[in-house]
Amino acid sequence: MKAVILYPNGPVLTPVCLGGSTFGRETDEKAAFALMDHALERRLTLIDTAATYSAGLSERIVGAWLASRRPDARHLTVATKIYPPYTPEAIDAAVAASSERLSREVIDLLYLHKWDPGAESPDTWRALDQLVKSGRVRALGVSNFTTPQLRAALALQRDLGLQHLRVLQNNNNLAVRDVDATLIELCAAYRVAIITYSPLGGGFLTGKHRGGVQPGSRFDVAPGHQGVYFHPLQESRLARLAAVSARTGHGMAHLALAWALHRPGVASTLIGGRGPHHLDQALAALELNAPALFAELETTPPEPQP
């Protein structure tokens, strides 16, 4: 995998990085601190959060940890995301609020959290470009953009003579695949690093919800995720994973993680969780690189004949 550095003097992006979407929700501050400590010990180089995660509490927890541990900025990237609207005034206010919660004057990597019509405005990209030029932000990214949406954003930045996006972050796992060959080709052409999230589909790919949503799980705490996964195509992909797991002796989570961690064109995958063992689980799966097995996982079982 090619080494990726998101901004000058930044660390090389590691294949596994830490996601903070559960901080303040399923993961309390003490457990989140333990996860971030473990990520630092394992030399992971990015911690990801967002203004909307637990209404800003995730950012505050990350900020408290940064103030307590004071990690070397040369070895760690802290990423966050802002939500629409994307007017210059709203962007300025959102970045100021995230900086305050993170206890950081400079945000290493700032994403637009999702596509919005505001992303079609030149004023949006000029405002974001000015954040980088002024030193308030080191690098820009977008999350949850389709190929046409990303292509339009990159073209607008190019036409305006602005610094282009450095990162795309999309959902990508065996069940739901928001990174395809066309998107990978576009990102390669513009040297945009791809970071994926939710390699286990919020627990869907562990198989634990096959008998119903488990109490206290992400699908229970954040039921909006259910609508993404509980469909015939995703269920068929889960069935294939279960069959390959039973045949090979590899656990379902181990196989799903390994598949996600070895996607062509993907620079890094975010791993969330409730304790350090979830990071270790992902790092162990990184050791399993089996293209033939991955190809078998991607084959959807035939539909039953009447």
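Colleague: Let's start with F230. Buried, exposed or partly exposed?

Modeller: F230 counts as partly exposed, because its relative accessibility is 29% and the band for that class runs between 20% and 50%. Keep in mind that this is a predicted model.

Colleague: Noted. How many aromatic pairs are there?

Modeller: The count is two aromatic pairs. One of them joins F204 to Y229, with 5.5 Å between the centres and 35 degrees between the planes, so it is tilted. F204 sits in the loop between strand 7 and helix 7, and Y229 in helix 8, 25 residues apart, so the pair links distant parts of the chain.

Colleague: Are F204 and Y229 buried or exposed?

Modeller: Both F204 and Y229 are buried. F204 also pairs with F230: again 5.5 Å centre to centre, but edge-to-face at 90 degrees. That pair spans 26 residues, from the F204 loop to the loop between helix 8 and helix 9.

Colleague: Why does F204 count as buried?

Modeller: Its relative accessible area is 1%, and buried means under 20%. Ring pairs link F204, Y229 and F230 into a cluster.

Colleague: Different topic. Which ring does R263 lie over?

Modeller: R263 lies over the face of W259, 4.0 Å from the ring centre.

Colleague: Now the charges. How many salt bridges does the search find?

Modeller: Over the whole structure, 15 salt bridges. Take R101 and E59: their side chains meet at 2.5 Å, N to O. R101 is in helix 3 and E59 in helix 2, 42 residues apart, so this bridge links distant parts of the chain.

Colleague: R101 and E59, buried or exposed?

Modeller: R101 is buried, with a relative accessible area of 17%. E59 comes out at 0%, so it counts as buried too.

Colleague: What about R25? Which residue does its side chain meet?

Modeller: R25 meets E26 in a salt bridge of 2.3 Å, N to O. E26 is buried at 14% relative accessibility, while R25 is partly exposed at 33%.

Colleague: And D72, where does that side chain go?

Modeller: D72 bridges to R74 at 2.6 Å, N to O. D72 is partly exposed at 30%. R74 is exposed, because its 56% is over the 50% cut-off. Elsewhere, bridges that share partners join R104, D108 and R138 into one network.

Colleague: I might look at pockets. How much space lies in the second largest pocket?

Modeller: About 420 Å³. The lining has 19 residues, and K2, V4, V192, A193 and A267 lie nearest the centre.

Colleague: Which element gives the most to that lining?

Modeller: Helix 6, with three residues. Strand 7 also supplies at least two.

Colleague: What classes of residue line that pocket?

Modeller: The lining of the second largest pocket has 14 nonpolar residues, four charged and one polar.

Colleague: Backbone now. Which peptide bond is cis, with omega near 10 degrees?

Modeller: The one from P84 to P85. P85 is in the loop between strand 3 and helix 3. Why flag it? Because most peptide bonds are trans.

Colleague: Then phi. What is the value at S54?

Modeller: Near 50 degrees, which is positive in a residue other than glycine. S54 lies in the loop between strand 2 and helix 2, and it is partly exposed at 25%. R191 also has a positive phi, near 55 degrees.

Colleague: Where is R191?

Modeller: In the loop between helix 6 and strand 7. R191 is exposed, with a relative accessible area of 63%.

Colleague: Last one, R126. Where is it placed?

Modeller: R126 is in helix 4. Its relative accessibility is 44%, so it counts as partly exposed.

Colleague: How far is R126 from I61?

Modeller: They are 65 residues apart in sequence and 31 Å apart in space, C-alpha to C-alpha.

How values were computed:
Residues are numbered from 1 along each chain as its sequence is written. This is a predicted model: local features need pLDDT of at least 70, side-chain atom pairs count only at pLDDT 80 or more; totals for chains, interfaces and linings use all residues. Side-chain values use heavy atoms; hydrogens and water are left out. A salt bridge is a side-chain nitrogen of Lys or Arg within 4 Å of a carboxyl oxygen of Asp or Glu. Buried means under 20% relative accessible area, exposed over 50%, partly exposed in between (1.4 Å probe, protein chains only). Helices (H or I, at least four residues) and strands (E, at least two) are DSSP runs, numbered from the N terminus. Rings of Phe, Tyr and Trp (its six-membered ring) pair if their centres lie within 6.5 Å; planes under 30 degrees apart count as stacked, over 60 as edge-to-face and the rest as tilted. A charge sits over a ring if NZ of Lys or CZ of Arg is within 6 Å of the ring centre and within 35 degrees of the ring normal. On a 1 Å grid over the protein atoms alone, a cavity is a set of points where a 1.4 Å probe fits but cannot get out, and a pocket is an open set with protein on both sides within 12 Å along at least five of seven lines; lining residues have an atom within 4 Å of a point. Grid points are joined across faces, edges and corners, and a volume is the space filled by probe spheres set on the points. Ala, Val, Leu, Ile, Met, Phe, Trp, Tyr, Cys and Pro count as nonpolar, Asp, Glu, Lys and Arg as charged, and the others, Gly among them, as polar.
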